[in-house]
Amino acid sequence: MLSESEIIRLFTRSDPPNVVLGVGDDAALIRPETGMELAISTDMLVSGQHFSAGADPFKLGHKALAVNLSDMAAMGANPRWATLALALPETVVRTNKKWLEAFANGFFELARSHQVALIGGDITRGPLTICVQIIGEIAKGKALRRSGAKRGDDIWISGQLGDAALAILHEQQHIKLEPSELAKCLTALNLPVARVELGQRLIGLVHSAIDISDGLLADLGHILECSKVAAIIEMKEINCSAVLEKYLPQSQAINCLLAGGDDYELCFTAPKAKRGKIKALSQETGISLTRIGRIDTGEGLVVLDTTGNAITLETTGYDHFRAT
């Protein structure tokens with residue numbers, strides 16, 4: 001059976017510059033760059049709620065960090081440091097060192113690609129739970145926020161939406177995907193790509209931004225609430241994969257596109273005058289950036305179908321306390 005100190009050693013790596021003191025003391029010490037503000041976010045993944053008990057540990061390590069990197073992307077911040085808290089079942093600690101090694105490898109492979117240092121955390125016994133806190137830097141006054149959307153702004157999204165939610169529907173046996181379709185959708189679900197560089201490139205171009213974690217309608221709704229504005233979006237303009245498009249006549253697939261969650265793409269608003277620069281940015285980065293609607297005065301969010309009629313969904317996004 002692994003001891004606590006042996007588990008900690010699996011997650012102890014060398015510290016890069018700007019880490020004064022990393023793993024191994026009561027607290028970490030970091031040294032932010034001059035003129036920078038700190039952006040801090042926390043996400044928790046719980047077995048049976050966010051992932052199945054048999055989830056691939058390498059992919060789980062990747063996703064645990066990726067969902068936090070996505071929050072940094074939404075703020076335009078440069079991710080620098082992270083802490084990791086784990087509740088581990090006794091079965092993992094007693095018999096499954098390979099599970100922990102694979103999880104650590106998935107976490108650190110992504111951390112290295114973004115030069116993120118793990119600087120501390122906690123370990124305890126309990127139902128499998130993963131909690132990551134991430135800390136990033138951004139120049140003072142430059143952070144992207146939810147509260148800046150203005151009347152007349154275009155609404156944009158990055159990438160494609162809906163595949164991750166479609167994979168969950170398949171796993172719940174609500175829909176049947178072909179093997180090749182399932183493989184693509186599972187990649188979107190288990191190995192999300194955080195748009196960190198894109199978020200930084202959007203500084204100076206956009207008025208507001210958010211990452212799409214709980215579903216487009218729910219997360220765009222946060223922008224509307226914080227900015228005290230309304231919006232109209234057109235479903236036909238929302239970029240989705242050929243896999244999802246095949247199933248779109250079904251109401252469940254429409255729900256995946258608009259309210260499914262687990263996309264980890266960016267939704268942002270920008271003035272019309274920035275359309276050319278945003279399209280150029282899309283070409284430079286190779287990331288699809290799609291204009292899907294506009295910001296208006298008033299309250300509420302209207303979704304128009306291909307015939308121009310408003311769509312009503314039973315839910316607008318993922319809710320931890322309503323999910324079944």
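How many bridges join strand β9 to β11, and in which sense do the two strands run? In this predicted model, strand β9 (residues 230-234) is joined to β11 by 4 bridges, and the two run antiparallel. Within this pairing, Ala230 has Asp296 of β11 as its bridge partner.

These strands belong to an open sheet of 6 strands, arranged in the order β8-β10-β7-β11-β9-β12 with mixed pairing. The edges are formed by β8 and β12 (301-304), each of which pairs on one side only. From one strand to the next, the twist averages 25°. Helix α2 packs on the sheet, where it touches β8 and β10, and its direction makes about 165° with that of β8. Helix α8 (residues 216-227) lies across β7, β8, β9, β10, β11 and β12 and runs at about 155° to β8.

Strand β10 (residues 265-270) pairs with two strands of the sheet. With β7 (residues 154-158), the pairing is antiparallel and extends over 4 bridges; here Ile157 stands opposite Cys267 of β10. With β8 (residues 208-212), the pairing is likewise antiparallel, over 5 bridges, and Ile212 stands opposite Glu265 of β10. In a regular strand, side chains alternate between the two faces of the sheet. In β10 both faces are covered: Glu265, Cys267 and Thr269 are buried on one side, and Leu266, Phe268 and Ala270 on the other. Accordingly, 6 of the 6 residues of the strand are counted as buried.

Ser70 is found in α2 (residues 57-75). The relative accessible area of Ser70 is 0%; because the cut-off for a buried residue is under 20%, Ser70 is classed as buried. Apart from its neighbours within four places in sequence, Ser70 is in contact with Ala194, Asp211, Tyr264 and Leu266.

Helix α11 (residues 275-285) has a buried side and an exposed side. Ile278, Leu281 and Ser282 are buried in this helix. Seen down the axis of α11, the buried residues fall within an arc of 105°, and therefore line one face of the helix. The face turned away from this buried side carries Lys277, Gln283 and Glu284, which are exposed. The buried residues of α11 pack against β7, α7 (196-201), β10 and β11 (289-296). The helix is followed by Gly286, whose phi is positive, near 75°.

Technical notes: Residues are numbered from 1 along each chain as its sequence is written. This is a predicted model: local features need pLDDT of at least 70, side-chain atom pairs count only at pLDDT 80 or more; totals for chains, interfaces and linings use all residues. Side-chain values use heavy atoms; hydrogens and water are left out. Buried means under 20% relative accessible area, exposed over 50%, partly exposed in between (1.4 Å probe, protein chains only). Contact means heavy atoms within 4.5 Å. Two strands pair if DSSP finds at least two bridges between them. The arc is that of the directions from the helix axis to the C-beta atoms. Axes are lines fitted to C-alpha atoms, for helices over the stretch in contact, and angles run from 0 to 180 degrees between N-to-C directions.
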